[in-house]
Amino acid sequence: MKTATGSASSRDARDAQPEEESTAAGSAGQHTLRTLSPAECFDLLEPGGVGRVGFAAADGIMMLPVNFAVTGKAIIFRTAPDTLLAVYANGRVSFEVDHLDEALREGWSVLVHGRAHTVTDEHDVRRLEDRTHLEPWAGGARDVYVRIAPIRISGRCIEPR
C-alpha cells in the first residue's frame, strides 16, 4: 500500500468499495485518488504508530498526537491521568492516521469515528500490556489506557495510476 495527502473522507465507508475518485497529473506522473475499503483501512492501522485523537473539549475541538497500537478492531493509546486526553477519554472521538511521501506525491489517510473508553479493569489492562507492548513516546507515567471502539472508518489513498 502507498501513502496520502489531505484528510480522510468523513462519509461512512463500511459498505464502500474501493473506487477511483479523480486523477491528477504532476511532475511525479499521474496519480489516482482512491477510496479505501474498511479492511484496507484496518490493514494500514494494524502496525500502529502515531495518530491524532480529536475530541470536543471545553475550549473547543482539540486534536492531539498519540502513539497507538491496534488489537482486534480497537485502537489503544496510553496517557497520563492529568492530561486532556484522560479527562475527555470517555466519549465520542475521531482518530486520524496518515502517511505521506511528498517526493512521490503519494500517501494514505484513514479516519476513524468512534467512542473512547478508559480501560480500568486490571485484567483488561494486563491483557493490553501483553498484546500491544505499547510504550508511550512522552515521558512520565502514562498508565491510563484508552480504547477507541470504531463506529465508522474511512480512508483514501493517492497512488500512481
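1. A residue is called buried when its relative accessible area is under 20%, exposed when that area is over 50%, and partly exposed in between. With that in mind, 44% of the 161 residues of the chain count as buried. The structure is a predicted model, and every value in this note should be read as computed from that model.

2. Which aromatic rings pair with each other, and how are they arranged? The count comes to two aromatic pairs. In the pair formed by Phe55 and Tyr88, the ring centres are 5.6 Å apart and the planes stand at 25 degrees, so the pair is stacked, given that planes under 30 degrees apart count as stacked. Phe55 belongs to strand E3, whereas Tyr88 sits in the loop between helix H2 (84–87) and E6, so the pair ties together parts that are 33 residues apart in sequence. The two partners can also be described by their accessibility: Phe55 counts as buried at 4% relative accessibility, and Tyr88, with a relative accessible area of 27%, is partly exposed.

3. The other pair consists of Phe68 and Phe95, whose ring centres are 5.0 Å apart and whose planes stand at 80 degrees, so the pair is edge-to-face; the cut-off for that label is an angle over 60 degrees. Phe68 lies in strand E4 and Phe95 in strand E6, so this pair ties together parts that are 27 residues apart in sequence. Phe68 is buried, with a relative accessible area of 3%, and Phe95 counts as buried at 1% relative accessibility.

4. What lines the largest cavity? A search of the whole structure finds one cavity of 30 Å³ or more, and the volume of the largest cavity is about 30 Å³. Its lining is made up of Val53, Phe55, Phe77, Leu84, Leu85, Tyr88, Ala89, Val93 and Ala116, and the elements that give two or more residues to it are E3 and H2. By class, this lining has nine nonpolar residues, with no polar and no charged ones. Phe55 and Tyr88, which form the stacked pair, are both included in the lining of this cavity.

5. The largest pocket contains about 250 Å³ of space. Of the 14 residues that line this pocket, Gly54, Arg92, Val93, Ser94 and His113 lie nearest its centre. Strands E3 (49–57), E4 (60–71), E6 (91–101), E7 (106–119) and E8 (144–160) each supply at least two residues of the lining, and E6 gives the most, with four residues. The lining of the largest pocket divides into seven nonpolar, four polar and three charged residues. Val93 lines the largest cavity as well.

6. The second largest pocket holds about 180 Å³ of space. Among the residues that line this pocket are Val50, Pro65, Asn67, Arg78, Thr83, Trp137 and Arg142. E4 and strand E5 (74–79) are the elements that give two or more residues to this lining, and E4 gives the most, with three residues. By class, the lining of the second largest pocket has seven nonpolar, three polar and two charged residues. Leu85 lines this pocket and is also listed in the lining of the largest cavity.

Definitions and conventions: Residues are numbered from 1 along each chain as its sequence is written. This is a predicted model: local features need pLDDT of at least 70, side-chain atom pairs count only at pLDDT 80 or more; totals for chains, interfaces and linings use all residues. Side-chain values use heavy atoms; hydrogens and water are left out. On a 1 Å grid over the protein atoms alone, a cavity is a set of points where a 1.4 Å probe fits but cannot get out, and a pocket is an open set with protein on both sides within 12 Å along at least five of seven lines; lining residues have an atom within 4 Å of a point. Grid points are joined across faces, edges and corners, and a volume is the space filled by probe spheres set on the points. Ala, Val, Leu, Ile, Met, Phe, Trp, Tyr, Cys and Pro count as nonpolar, Asp, Glu, Lys and Arg as charged, and the others, Gly among them, as polar. Rings of Phe, Tyr and Trp (its six-membered ring) pair if their centres lie within 6.5 Å; planes under 30 degrees apart count as stacked, over 60 as edge-to-face and the rest as tilted. Buried means under 20% relative accessible area, exposed over 50%, partly exposed in between (1.4 Å probe, protein chains only).
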